[in-house]
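Q: Could you show me how to read the features of a protein model, one at a time?

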Amino acid sequence: MRGRLVLALIALALAIAGFGVYGTLIVTDGGSTSPTPTPRAAGTFVFEPAETPAPETSPPVSPAPSSPPPVAPPAAVQATTQATVQAGDPQEVAVRYLAAWQAGDLAAMAGLVSAPPADFAERHRRFDAELRIAVPPSLTPQTPRRRSALEAEVPFQGVRQITGLGPWPFSSVLRLVRHAGQWRVRWTPQTMHPSLGEGRSLRLTETKVRRPATLTREGLPFPAGSRAGDYFTGLEGTTTELKLREFPSGRVLLASPSKEGEATRTTISQDVQSAAAHALDGLQAPAALVAIDLHTRQVRAVADTLGGKGAFNGLYPPGSTFKVVTAAALLRTGLTSRSPVPCPAAYTIPNARRFTNAEPADRGVLPLTTAFALSCNTTFVQQSYERLRDGGLRAEAADRFGFREKPGLSSCRIRPHTDLNELGSDAIGQNSVQASPLCMAEVAAAAATGVWKPAVMTERPPADSPPEVPIGDEVAAQLRDMMGSVVTQGTAAAAGLPPGTAGKTGTAEVAGGHSHAWFIGYRGSLAFAAFVQNGGSGGATAAPVAARFLNALR
């Protein structure tokens, strides 16, 4: 969702011939947004966020070498850059620096700076953290200006996304100097923003303001401790106004919109929301539980301790919950839920990598339903290699289950695989597959009803809402049988889920951290997803969360 890298040099390359004190602070006086496309104008080129997801933790930044390694411009501009920019030109350095900035590569940025401060990377991280900037900015360089044989500058415009405030446009100048035969960026705090000059700073202030309450669909107040405050204002009769100010001038650069008016009803059910919120009680790790109505796809509950509207906008590897999508693609190739398939302890894709299961035992040949219930990785990797090498997996995910760029509340994506290793990992919900809890609740709802539709928080779908997509009655019926077997005889059998529940566990591996725990499913009129960040096993952690939620509704 979040992003494509589009670079257009055009007139900018033709123009080449003509060529503080930092501080931010959050102040309390008494909460995720998606990138906004940057307008394109003649003579400009646009860096947009890269599609590669940011790592779960910031990578360590090594000191900049005296002669930094080359930072390759994005592939889309390499040809143009090589054709129009000579090595060592200030424009080349500006292109590389801004591309690295937008990709969030602080080490590459520091390597292009002349004498970077020791805390260069920390300043950028602190700036983003204190102003609640969740993703790197989108950047639009302007026509470069050559000041002398040793000095040049490239003005640029950018847009940052502030959680709770939305897009924040800004303008600055990238100044470059030539030293020892090489061009380098002369970095100051004003490079990040002009308001960070001598004695000046930026602060995000919060003010509690009385507002009419937001109500549930029944016209009742939200339950106490609803864990939905990031999604609705005025739950307790107040709301928070955010303002981005420049100090000491006090000038307001950006403010949250005023929300005057009468109390409004939402699609949230008081009972369902209360059950979802209490289902997260006692968890030490950030988590979320979302529930949607199977018929209308209206959101009935969202309890979220992830922050930043992670239940809707967060992108996490879904692990084996994605096998619902993989199974649908395999069923479309001629397999059935009863087809015998091998479930070895390990499987190596020919001329590629080896995959294993959580349980090391070789289970022999099983019906596909049983392999699904036991979450047999080797089965789904092997079958995907044999049957989905032509792009069938991504087509199923993107065309029938919403894993594509689209308007709406949820976020999820999958890239085309470039080799068999990626195909095998994608098949079990790793590698390029990423989804929010709401996206995976939509997957569960599609299996339950045979139709994929986007979740909504309005009485009727918005005008730009994507059209519904039939999954196919026969495929959906087999998916329901397979998801039912997970609860009766598979990885969720010991979770205490009430009768009538069907679903799928997921344990998604995370580099350098504990696995994410997932459970998605449906029961009665609701589809849901339970997610515990770095919570470990889906069957041991997320499925019991779902059980607490469903049992509270009985």
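**Reading the features**

Q: How does R251 count at 45% relative accessibility, buried or partly exposed?
A: R251 counts as partly exposed. Buried means under 20% relative accessible area, exposed means over 50%, and partly exposed is in between, using a 1.4 Å probe on protein chains only. Keep in mind that this is a predicted model, where local features need pLDDT of at least 70 and side-chain atom pairs count only at pLDDT 80 or more, while totals for chains, interfaces and linings use all residues. Residues are numbered from 1 along each chain as its sequence is written, and side-chain values use heavy atoms, with hydrogens and water left out.

Q: Which residue forms a salt bridge with R251?
A: The general idea is that side chains of opposite charge can pair when their charged atoms come close. The rule asks for a side-chain nitrogen of Lys or Arg within 4 Å of a carboxyl oxygen of Asp or Glu. Here the partner is E246, with the closest N and O atoms 3.2 Å apart. E246 is buried, at 7% relative accessibility. Some bridges share partners: R145, R147, E153 and R175 are joined into one network that way.

Q: How many salt bridges are there by this rule?
A: The count is 14. One of them pairs E151 with R186, at 3.7 Å between the closest N and O atoms. E151 lies in strand β4 (residues 151-162) and R186 in the loop between β6 (182-185) and α6 (189-192), so this pair ties together parts 35 residues apart in sequence. Helices (H or I, at least four residues) and strands (E, at least two) are DSSP runs, numbered from the N terminus.

Q: Where do R126 and E122 both lie?
A: An α-helix has 3.6 residues a turn, so residues three or four places apart point the same way. R126 and E122 are both in helix α5 (residues 120-130), four residues apart, about one turn of the helix. Their side chains meet in a salt bridge of 4.0 Å, N to O. R126 is partly exposed at 27%, and E122 is also partly exposed, at 39%.

Q: What should I look for in the backbone?
A: R297 has a phi near 65 degrees, which is positive in a residue other than glycine. R297 sits in the loop between β12 and β13, and is buried at 1% relative accessibility. The peptide bond from F247 to P248 is cis, with omega near 10 degrees. P248 lies in the loop between β9 (238-247) and β10 (251-255).
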